[in-house]
Amino acid sequence: MRRVKVLLIGQPNVGKSSLLNSIVGPKVIISNYPGTTVEIAQAEKIIDRVKFLFTDTPGIYSISDRSGEEKVTEKALFEEKVDVALIIVDATALERSLYILLQIVEAEIPCILALNFVEEAWKKGIKVDHRELERILGIPVVPINPISKNGLNELLEKLKEIKKESIGFRIKYDEHIEKAIEKISLQLRDSELPKRFIAIRILERDEDFYKFLNSEDVIKKVRKNMSDKYPDFSENIAITRYGTAAFIARKVVRIAHLKKEKSLEEKIDSILLHKIWGPLSTIMIFLITFGILLYLGNLMQATLMDSTKSLSSLLGITGKSVFKFALAQSLKGLAAGISIALPYVFIFYVLLGLFEDAGLLPRFIVNTDRYLRKLGLPGKAFIPLTLGLGCSVPATRATRVLVSEREKFYTASFLSFVPCSSRTAIIMGIVGYYGGVRLAIYVFITLGMAAFLWALAIRGKFVDKREPLLLELPPYRKPLVKNIIVKSWFRMRDFVYIVIPLLILGGILYGILEALNFTYAVVKPLSFITSWLNLPDATIIPLLFGFLQKDLTGAMLVSVLGKGASLPLTSIQIYTFGVAAAIGIPCINAFGMLIKEFGLRKAVILTFVSITYGIVLAGLIQKIFLLL
Amino acid sequence: MAELNRLKIPKEDILRMMGEKGGKTSIELVRKELGIPDSLLSSVLEELEKEDLISISDKDMELTNKGKERSNELLKKHIAIENYFRDVKGQQRAHRLAHILEHYISEEVMKNINELKKLRGKGKPLAELDFHEEGLMADILIEDDRLFERLVSMGIFLGKKIELLEKLPNGIIVKINGKKYILDRGIAKHIKVIEL
Ligand SMILES: Nc1nc2c(ncn2[C@@H]2O[C@H](COP(=O)(O)OP(=O)(O)OP(=O)(O)O)[C@@H](O)[C@H]2O)c(=O)[nH]1
Ligand SMILES: [Mg+2]
């Protein structure tokens, strides 16, 4: 069977992931903001005896990576052999979309252009003559709509027919630039990529491509010769490329000037992007969301709790054998996971999906940037931090949208204080349930304070150069219910497949330890921690197991300390326990993702330091409080 | 500029296409060749008929005399562009054509770019525009080549119209080619604009 490897590529938010999903079925997350996709996703589909391998990539404005997710795309583009680059282009912004297309053509990768948002363009009075475009570029151009699936069949036909020679239009630069390209081309090592392309990248100071040079002296010499006469020749390359894109766009785009009226979008933006109303409304929206989350979460939790309780008593597993005890504990773990965490996870993701698809997130970035800056965080850190309210694992991965390695790590460290849904469940389910809602709110406030102190203490080490805020604000769109549900399921899927097994496993493990009387062996050597926190020794068990899986914390606290509607703890002890359990890199899954993104050493240090910090702080607050 | 109706473009396309086909065609063919969204098509056809430019019977449509006249004008306009692409069929020839075009286009582009360069050094800082005032980007004075390239690839380019929407302490919100951006104050101060 013939295999065709197709790389979906294009500027951010043009619908790459939407196209992938519409061809192969729901596979990746779609949201209305630039920077949704931060990793490669692949999917196969056999169509008419041709096996297509589609690869979705993070959006890039141009081949000139500035942040981590853009590097991912470049790697996919240049380091693996692809048969065809499927370039998705926004018909409402043809000019700049052609910019990246022209760059890919420079790399002599066969490509096909998929023209998206054609209907949106019509509505704005923009018409793109796709046939003309096809003729000028010399590559196939197909109008598509991933939502209505129009044009997909034609696109697949074109993909099947693709030949190596389908390489389109080539830009010609100024004489002096062409000469420099030639000179550098002569000094390049052999590689899969065309020399002209590499030479242009080098002239544009893309250091990723310096490795192809025989020696870096060449570029220094060329630069020196050039910069006397043409001081801004790198700029001129970009200008020529854009000029060409603009020229082609002008040939194929016709614009009818519609009457200017204040659209709904302008009205909403005049509030959401207002100096004062913007930040205020952002805070309001967040507080309301949180309120809804806690209210509905509580409600669902209560119902689920009851039904799981009656289920486990129905099964009637009691007895003293190791097996039975382990089984009972694993059921308890499972019940805890489902009844405590699931409501918070699910409701949070539905609300998040709504905000994402409506296009609110970039507005929130604008409004929070000013305040995040004060903590030394870049504005875009808002995205990973918000995702962190759901789960720290994808949030850690989402730090890729940031520019420098330091910024990324610094931002990831704040996930120690962003309560993920499991931690919210502990705070509400333990502190709120046994100590009252007010006490739970104190814990949330303490997390905020802890983050602030953390920033004061370490920002000097991490923040050097301030990365300027530069962000596109997408149009508001009506969220599609189907997309939100699919997306929420994708995000919860990890919870169901990874977290729930861990819950059961943790339960079994604990059951065995307990039945064999081994817990004591764990409790004793670590009693210095519990005595600092002024908590009963046995509470170390839930704290420890919490690292295996946060959702075990609640169930275990109840099972080590007693039963019924009260815990043998004072309010201040419940609060201390809540703070100690909530601060820090939360669990083994988050730890694993940290290793993946930052390496073992950094992951170990951050996890250890953040957890210690939480315990020290919780103990300290308690001591101060008791003195008063 | 005269106010144009948003149906203008599809209407002209249909007239031109019908002219090319000798005055007659079917609705199905229009839909296929011009890719006009269904949501628009019926209102476009309705208007054309109301203006007495076409007559529709069942699934076929025909130009009226008045329609033929209009269609001819439109065709003439189009021929200037079409000249470059006459009788091109198939990938191979399109490819060769692209190479001829390459030179043609680069000359034009260079000419335009030289025009743009004349703008450089002129203008006032972006932040001095009033709310909802439009200006022309005359210069982007950014030292960092990579940042400059990033701005360009996002569509923030010399000679483009830019509308100021909001000034915030951390940045300026602008609209360029119908897209909205927030530009850091640090970037905005290097963008010079000429009032329109
Ligand atoms: N109305 C409309 N919306 C679309 C269309 N295609 C995509 N969208 C919307 O555009 C937004 C962005 O889509 P994505 O598929 O996430 O874009 P992407 O290119 O993968 O974006 P990044 O991963 O951030 O680079 C989503 O809100 C989609 O629902 C379309 O044809 N019509
Ligand atoms: Mg995507």
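## Ligand sites and selected residues in a predicted model

At 8% relative accessibility, S17(A) falls below the 20% limit and therefore counts as buried.

**The magnesium ion**

S17(A) supplies its OG atom to the magnesium ion (ligand 2), and T37(A) supplies OG1; these protein donors lie 1.9 to 2.0 Å from the ion.

**The shell around ligand 1**

Ligand 1 is surrounded by 23 residues, and the closest are K16(A), S17(A), S18(A), G35(A) and T37(A). Helix α1 (residues 16–24) of chain A contributes the largest share of this shell, namely three residues. Divided by class, the shell holds twelve polar, eight nonpolar and three charged residues.

| Residue | Part of the residue | Distance to an oxygen atom of ligand 1 |
|---|---|---|
| T37(A) | polar side-chain atom | 2.7 Å |
| N116(A) | N or O atom in the side chain | 2.9 Å |
| G59(A) | polar backbone atom | 3.1 Å |

The protein buries 93% of the 660 Å² that ligand 1 exposes when taken alone.

**Helix α2 of chain A**

Helix α2 (residues 68–78) of chain A is largely enclosed by the rest of the structure, because nine of its eleven residues are buried. The buried residues are G68(A), E69(A), E70(A), V72(A), T73(A), E74(A), A76(A), L77(A) and F78(A). Which elements cover them? The cover includes β1 (2–10), α3 (94–106), α8 (195–203) and α17 (405–413) of chain A, and chain B takes part through α6 (145–153).

**I285(A) in helix α12**

I285(A) is located in helix α12 (residues 277–315) of chain A. Its relative accessible area of 22% lies between the 20% and 50% limits, so I285(A) is classed as partly exposed. When neighbours within four places in sequence are left aside, I285(A) is in contact with F355(A) and F364(A). I144(A) is 141 residues away from I285(A) along the chain, and the C-alpha atoms of these two residues are separated by 35 Å.

**Two buried threonines**

T539(A) occupies the loop between α22 (527–533) and α23 (540–548) of chain A. With 0% relative accessibility, T539(A) counts as buried. A polar atom of the T539(A) side chain lies 2.6 Å from the backbone oxygen of P536(A). Residues up to four places away in sequence not being counted, T539(A) touches T530(A), L557(A), L561(A) and F577(A).

T576(A) is placed in helix α25 (residues 571–582) of chain A. T576(A) is buried, and its relative accessible area is 0%. A polar contact of 3.0 Å joins the side chain of T576(A) to the side chain of Q622(A). Q622(A) is also among the residues that T576(A) touches beyond four places in sequence, together with L533(A), A618(A) and G619(A).

Most residues other than glycine have a negative phi. N534(A), which is not a glycine, has a positive phi of about 60°. N534(A) is found in the loop between α22 and α23 of chain A. Is N534(A) buried or partly exposed? At 37% relative accessibility, N534(A) counts as partly exposed.

In chain B, D58(B) likewise has a positive phi, near 55°, and is a residue other than glycine. D58(B) lies in the loop between β2 (54–57) and β3 (60–63) of chain B. The relative accessibility of D58(B) is 74%, over the 50% limit, and the residue therefore counts as exposed.

Terms used. Residues numbered from 1 in each chain as written. Chains lettered and ligands numbered in written order. Predicted model: local features only at pLDDT ≥ 70, side-chain atom pairs only at ≥ 80, totals over all residues. Heavy atoms only, no water. Near = heavy atom within 4 Å. Polar contact = N/O pair within 3.5 Å; in protein donor to acceptor, adjacent residues only side chain to side chain. Areas by Shrake-Rupley, 256 points an atom, 1.4 Å probe, with all protein chains shown as cover. Helix = DSSP H or I, 4+ residues; strand = E, 2+ residues; numbered from the N terminus. Nonpolar A, V, L, I, M, F, W, Y, C, P; charged D, E, K, R; others polar. Donors = N, O, S within 2.8 Å, 3.2 Å for Na, K, Ca; no water. Buried < 20%, exposed > 50% of the residue type's maximum accessible area, 1.4 Å probe, protein only. Contact = heavy atoms within 4.5 Å.
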